[in-house]
Amino acid sequence: MKMTFRWFGADQDPISLEHIRQIPGMTGVVTSLLTIPAGDVWPMDMLIAMKEQVASHGLEVEVIESVNIHEDIKLGLPSRDEKITNYITTMERLAKIDIKCICYNMMPVLDWARSHLYYNLPDGSNTMKYEAEFIQGVSVEELANRYAKEADTYEMPGWEPERMKTIRATLEAYNGMETDTFYANMKYFLDAIIPHAERLNIKMGVHPDDPPQPIFGLPKLIISRDNIRRYLNLNPSPNNGLTFCTGSLGAKKGNDLPAMIREFGMEGRIHFAHVRNLRFENETDFYESAHLSSHGSLDMYDIMRALHDIDYKGWIRPDHGRMIWEETKRKGRPGYGLYDRALGATYLQGLWEAIDRG
Ligand SMILES: [Mn+2]
């Protein structure tokens, strides 16, 4: 496996490449061009500048997270063909800067949702929390306002004010949409782009829905073994694969993560892995804990052993961590502080070394 770190870009991330480089074992960053709206072609000059900037710090960039899917594609509107053509053009440009893997998600409208961005833990750190009752009772506008107020420094992917302006109309567009229609729309997209992914040698890794519960009446479709199987079967190419996110899938009780890693990994369908922990407070509510098994509800040893068993050679990154140390005093990107993720990265590498040598 190759250890990487998510980085939002020079203007978008308070964490510098200088700091990321100093995390032991770090080979590269996973990044994106956050300012380009979904559906647009990514400018070549910006891609080259990003690649060179990362390389000048001794780091690689081989994975993009994310190239977002325009809603017209998910909704199956006639305008989707133009967006798909743009998506393929962006893939071609990414291949030119040696990108090998693209992470994306198929979540309708919203990328993710939490009730709290800075939930205080007893040790003085803070973290993101999901409280089902709160989320079920709040409107999408109220939640967006809460995020904007709490995270005053950065716009959060999926919750940009620009996107919120049309949120009501977008939510209504999904009203009454059948699951089968949604899968048909995903197949239309996959059948269009996967031959290009093969040609360009790019692995596509769909990220599961986060959280794996319906919110704001929207369907959640990629949340468990059976519907991941359905998604992969839409297009059988090995380039049509997964971003295996333990935090997203682990938030659904009953998901056997090591078994899922073995099943999909043996078929070569896991291209990228987000490895993090979470702690359930009851049946539905959880907060994002430190990475250690002892701090959360997921067994990270079993997860890493499953990745080792499938001889996983892809990219892995620590995922959301807590805000600790002086990061608790300012508002960084929720979930994306430096220290707890760096500790997570070294912990995961420690597990890997022990498994590998044992
Ligand atoms: Mn994830």
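How many residues of strand 7 (residues 203–207) are buried? I looked this up and got 5 of the 5, so strand 7 is largely enclosed by the rest of the structure. Buried here means 20 or more other C-beta atoms within 10 Å of the residue's own, with C-beta atoms placed from the backbone. Strands are DSSP runs of E with at least two residues, helices are runs of H or I with at least four, and both are numbered from the N terminus.

A note on the source: this is a predicted model, where local features need pLDDT of at least 70, side-chain atom pairs count only at pLDDT 80 or more, and totals for chains, interfaces and linings use all residues. Residues are numbered from 1 along each chain as its sequence is written.

Next I checked the faces of strand 7. Lys 203, Gly 205 and His 207 are buried on one side, and Met 204 and Val 206 are buried on the other.

Then I went through the partners. Strand 4 (residues 101–105) pairs with strand 7 in the parallel sense over 5 bridges; pairing takes at least two bridges found by DSSP. I found Asn 105 opposite His 207. Strand 8 (residues 240–245) also runs parallel to strand 7, joined by 3 bridges, and Val 206 faces Leu 242 there.

I zoomed out after that. In total, 8 strands close into a barrel in the order 1-2-3-4-7-8-9-12, with parallel pairing. Strand 1 (residues 2–6) meets strand 12 (residues 315–318) through 2 bridges, and Lys 2 stands opposite Trp 315.

Last stop was Ser 289, in the loop between strand 11 (286–287) and helix 13 (300–309). Ser 289 counts as buried because it has 25 C-beta neighbours inside 10 Å.

Notes:
Buried ≥ 20, exposed ≤ 12 C-beta atoms within 10 Å, placed from the backbone.
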